[in-house]
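This report describes parts of one protein model. Please look at the sequence and the structure shown here before reading on.

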Amino acid sequence: MVFEPPQRLVRALGETAPEGDDWLAKLPEVAHEAVAQRELTVERVQVPGGRSSLVVLVRTADGTPAVLKLAPRRARPESERAALAHWGGRGTVDLLEPASSGTEGVLLLERLHPDVSVRSLPEAKALLEAAGTLRRLWVDPPEGHGFETVAERTGRQARAMRAGAAADPEVAPLVEAALAAREELLAAPPEHRLLHGTFRQSKVLAGERMPWLAVGPDPVVGECAFDLARLVRDRVEDLIAQPSGAATTRRRVKRLAESLEVDRERLTGWTLFRAVESGVRARRVGREQDAELLLEFAGWL
């Protein structure tokens, strides 16, 4: 079996890889070793796949369908492993090997339906199902956890945003508004829960033991509004294309905040911060179309 990484993964890692990083070059060897150690039968590499990991559809020695996921250290796969172990399959894909016994950067996971996500549903139904899945993930983190906090993660992002604003004065007003919102939000967070971290409709796949289960967390500990904020801008290209996009966005914020009992103003603030951060980052790596969509969306908030 040739473990050739999909072009989507190659492009995405190329945008973020530090100089001298050789993870992609070593990936085929690591994949072969992981398959052999677990006595797996390979079916195929999932294409187009994700932006931070190689996903391989496999079967275990007893014929059970599974997924082998391989990710570089900078994608924090061990943090994902720890979070999935803590959730124990409640609302998320399940680990098929104990958290303590896995190879670093390699996860063996329950097989879901990789080509059927919540995003395939009509928009209103998709938001409802996604929100219901997300609610199940908001639990107390394990005692003595080592997960990154929202303050830590957004602190790193804020530094990059300031640098982006200095290099591109056009985005400076939005960046300043987003940074001001962050400071206010961090002053008095209402709760500290284990969060998915990168939740959106495409991260919720159809399953067998439950209709919908979340995959691909980049876990972080903080307030629930931070997690929900990424879902607000799902299908942003459709929102931008609508004459009433701004009004639709405000209604979406209100509906999601009410359905998940999250403060509406806090959700608006984190939605602004996360949209501007993503827009500035997209512009930095040359994804200009994505940047324009995200920054226009942020301007509505």
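What is the order of the strands in the open sheet of four strands? The order is E1-E2-E3-E4, with antiparallel pairing.

## Basis of the report

This is a predicted model, in which local features need pLDDT of at least 70 and side-chain atom pairs count only at pLDDT 80 or more, while totals for chains, interfaces and linings use all residues. Residues are numbered from 1 along each chain as its sequence is written, and side-chain values use heavy atoms, with hydrogens and water left out.

Helices (H or I, at least four residues) and strands (E, at least two) are DSSP runs, numbered from the N terminus. Two strands count as paired if DSSP finds at least two bridges between them.

## The sheet

Strands of a sheet pair through backbone hydrogen bonds, either parallel or antiparallel. At the edges of this sheet are E1 and strand E4 (106-110), each pairing on one side only. On average, neighbouring strands are turned by 30° against each other, direction ignored. Angles here run from 0 to 180 degrees between N-to-C directions, and axes are lines fitted to C-alpha atoms, for helices over the stretch in contact.

Strand E1 (residues 41-45) runs antiparallel to E2 and is joined to E2 by four bridges. Here arginine 44 stands opposite leucine 57 in E2. Six bridges join E2 to strand E3 (residues 65-70), again antiparallel, and leucine 54 has leucine 70 in E3 as its bridge partner. The hairpin of E2 and E3 has five residues between the strands, and glycine 63 takes a positive phi near 90° there.

Strand E2 (residues 54-59) is mostly covered, with five of its six residues buried (under 20% relative accessible area, 1.4 Å probe, protein chains only).

## Helices across the sheet

Helix H2 (residues 23-38) lies across E1, E2, E3 and E4 and runs at about 145° to E3. Helix H3 (residues 77-87) lies across E3 and E4, at about 35° to E4.

## The crossing of H7 and H10

The axes of helix H7 (residues 224-232) and helix H10 (residues 264-284) come within 8 Å and cross at roughly 65°. By class, the contact has seven nonpolar, one polar and four charged residues. Nonpolar covers Ala, Val, Leu, Ile, Met, Phe, Trp, Tyr, Cys and Pro, charged covers Asp, Glu, Lys and Arg, and the others, Gly among them, are polar.

Conventions: Buried means under 20% relative accessible area, exposed over 50%, partly exposed in between (1.4 Å probe, protein chains only). Contact means heavy atoms within 4.5 Å.
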